[in-house]
Protein chains: 2
Amino acid sequence: MTSTSVITIAVDAMGGDFAPQAVLEGVSAALAADPSLRVLLVGSAETVEPFAMVNDHCEAVATSQVIEMGEHPAAAVRGKKDSSIVVGCRLVKEGRADGFFSAGSTGAAMAAATLVIGRIKGVQRPAIATVLPTASAPCVLLDVGANADCKPEHLAQFAAMGAAYATAALGIRAPRVGLLNIGEEPGKGSQLAQDAYDLMVGTPGFVGNVEGRDIPAGTVDVIVTDGFTGNVVLKLMEGMSKHLLGEFKAALMSSPVNKVAAAVLKPSLGALRDKLDPDLHGAAPLLGVDGLALIGHGSSSPRAIASALRVGAVAVRAGLVDSIAASLGREGA
Amino acid sequence: MTSTSVITIAVDAMGGDFAPQAVLEGVSAALAADPSLRVLLVGSAETVEPFAMVNDHCEAVATSQVIEMGEHPAAAVRGKKDSSIVVGCRLVKEGRADGFFSAGSTGAAMAAATLVIGRIKGVQRPAIATVLPTASAPCVLLDVGANADCKPEHLAQFAAMGAAYATAALGIRAPRVGLLNIGEEPGKGSQLAQDAYDLMVGTPGFVGNVEGRDIPAGTVDVIVTDGFTGNVVLKLMEGMSKHLLGEFKAALMSSPVNKVAAAVLKPSLGALRDKLDPDLHGAAPLLGVDGLALIGHGSSSPRAIASALRVGAVAVRAGLVDSIAASLGREGA
């Protein structure tokens, strides 16, 4: 599944706030950038067929149903067998695609990936992993929302899966793994964090607790937490970046002489904005399912979608799913 | 206790990374700024007596013990009856001070406030409340670390106490209260968040769930969460502000022409840094104890300490403790 030189990604043409237009533009850009990428474009015939007709390395897979944002995820996945999300996951399950990407309903994509593709043997709970920009190197944070309530053994598995992802997606050979907590010393924090710490001690790469302020500093390569805390952290970081860039922009525009200075600084500030841009990584994989399932932000831009497909191809080439299976075997041994 | 025109605050001279020097400078600045403020300076005789000798409105309270940062909080409070933290709280309990401030061990200050001053009748768990800078008006966040594990009924009490604090400290008459969660709709989130939501529905000011991205946007006046999530949020925001300002500074200094432009912008950027400065509020009260107990950051600067005393005087004048007691009476009614 992971060793062919051509990488095939199934893409949900119907998912996301700006679908299908943003998806089609993102797919075009990704295909242009990577000649060994092949896309199975899944969605309504009138959307996917004309696009596949005029784009090399793209094949249309027409579906008759769409899962809307408000639907109950598991019920929608069970009820809409010919939806773009369910069909996309089935393509992975059947080995016709190496991975699946959707910027549609996160809940439905998670439910479809888990129900249709299935879990890697031994995985208790799949987790969504995201890559954060930090002051030093990028850092993997998981879970960012698949599991609002977690047990200590879930967090210990997240550590192994997150480390495998850091190696596969970021090329970090021996990732340093930290547990998000509210104190540095062992014995600090909630009962969940204390129990997870005890389980994680001695596992490869575990460096102990990290605190909120360590996240943007980038002191570790992988940060493990429950899906409630992780989701709050991810959305807070997005909000803070937007807020502070806004404040900065307002300061630059606050007088005529400031505006002149701001014009001089424009290229440097553009580079900074790009560095902080969450679109750079584009999508978050649901780690623990037996195939690559990538979940994009609902507001994904064409650029984010192109990034997602690039990240997906990197993960497939690096053998992410097999290395997660192997790491859980080691963790369980 | 709260209605005299002179406000008396007991101050721990021994607490904080830069004590006693930073504390003494902060007290000087606060006394100079507010002629109706009186300080009981608590600490070793050689520190507090010479200072009180030369500063009006300051009285020395000599103590023989100090609680160190590494000590077990409750054990230290029980064992060191003549420590600056325990004596400071006793001054509040005995009505000799209207409030107590320490930048020393947060755990010890919490334990002393709870054990020595005692809780307001009906309070299940005191909570630490902090004031965050946001894109619009400042916002109260609680709990930021007193209770790593919470029950739904604790969060419902935090809502009432946080609203009383927003009124007393920020002058907001009818604060909007949000529950920090990982989705906007009812029924989202962890079991704790779902159960807390159900308890909070219908209470005055409750507007529903808020998400991580809403925190810096300032969409509500009070954000309620458990002490684990709140502590992660607080430290992440501090870390993000520092990180992003560092990135801006690096961008401004990245070329000679940028440096010239940066010089032009310096006053505006200084104003922005001040706006984001956590020192502006200086200290976080432990809400729910039967007297004002203010906890400062270990790294408190003289400016932060002066702000803390100013905030303390405002809270005393506004009758914070009585209004919390009244709000809990209403909540329980």
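The structure is a predicted model, in which local features need pLDDT of at least 70 and side-chain atom pairs count only at pLDDT 80 or more, while totals for chains, interfaces and linings use all residues. Residues are numbered from 1 along each chain as its sequence is written, chains are lettered from A and ligands numbered from 1 in the order in which they are written, and side-chain values use heavy atoms, with hydrogens and water left out.

We may start with the interface. Chain A brings 47 residues and chain B 46 residues to the contact (heavy atoms within 4.5 Å). About 4200 Å² is buried between the two chains, with carbon and sulfur atoms giving 74% of it; buried area here is the accessible area, with a 1.4 Å probe, that two parts lose on being put together, summed over both. Of the area that chain A buries against chain B, 15% is supplied by Ile182(A), Phe228(A) and Leu236(A), more than by any other three residues.

Two salt bridges are found across this interface (a side-chain nitrogen of Lys or Arg within 4 Å of a carboxyl oxygen of Asp or Glu). In a salt bridge between Lys235(B) and Glu211(A), the closest N and O atoms are 2.3 Å apart. On the side of chain A that touches chain B, helices H7 (191-200), H8 (214-217), H9 and H10 (256-276) each supply at least two residues; helices are DSSP runs of H or I with at least four residues, and strands are runs of E with at least two, numbered from the N terminus. The largest share of that side, 20 residues, comes from H9(A).

The aromatic rings come next. Over all chains, three aromatic pairs are found; rings of Phe, Tyr and Trp (its six-membered ring) pair if their centres lie within 6.5 Å, and planes under 30 degrees apart count as stacked, over 60 as edge-to-face and the rest as tilted. Tyr197(A) and Phe206(A) form an edge-to-face pair, 5.4 Å centre to centre with 75 degrees between the planes. Phe248(A) and Phe248(B) are stacked, at 3.6 Å and 0 degrees, and this pair crosses between the chains, from H9 (residues 227-252) of chain A to H9 (residues 227-252) of chain B. Phe248(A) is buried, with a relative accessible area of 4% (buried means under 20%, with a 1.4 Å probe and protein chains only).

Finally, helix H1 (residues 21-33) of chain B has 13 residues. Its buried residues include Val23(B), Leu24(B) and Val27(B), and what covers the buried residues of H1(B) includes strand S1 (7-12) and helix H11 (302-317) of chain B.

Note on methods:
The expected span of a helix is 1.5 Å times one less than its number of residues. Buried means under 20% relative accessible area, exposed over 50%, partly exposed in between (1.4 Å probe, protein chains only).
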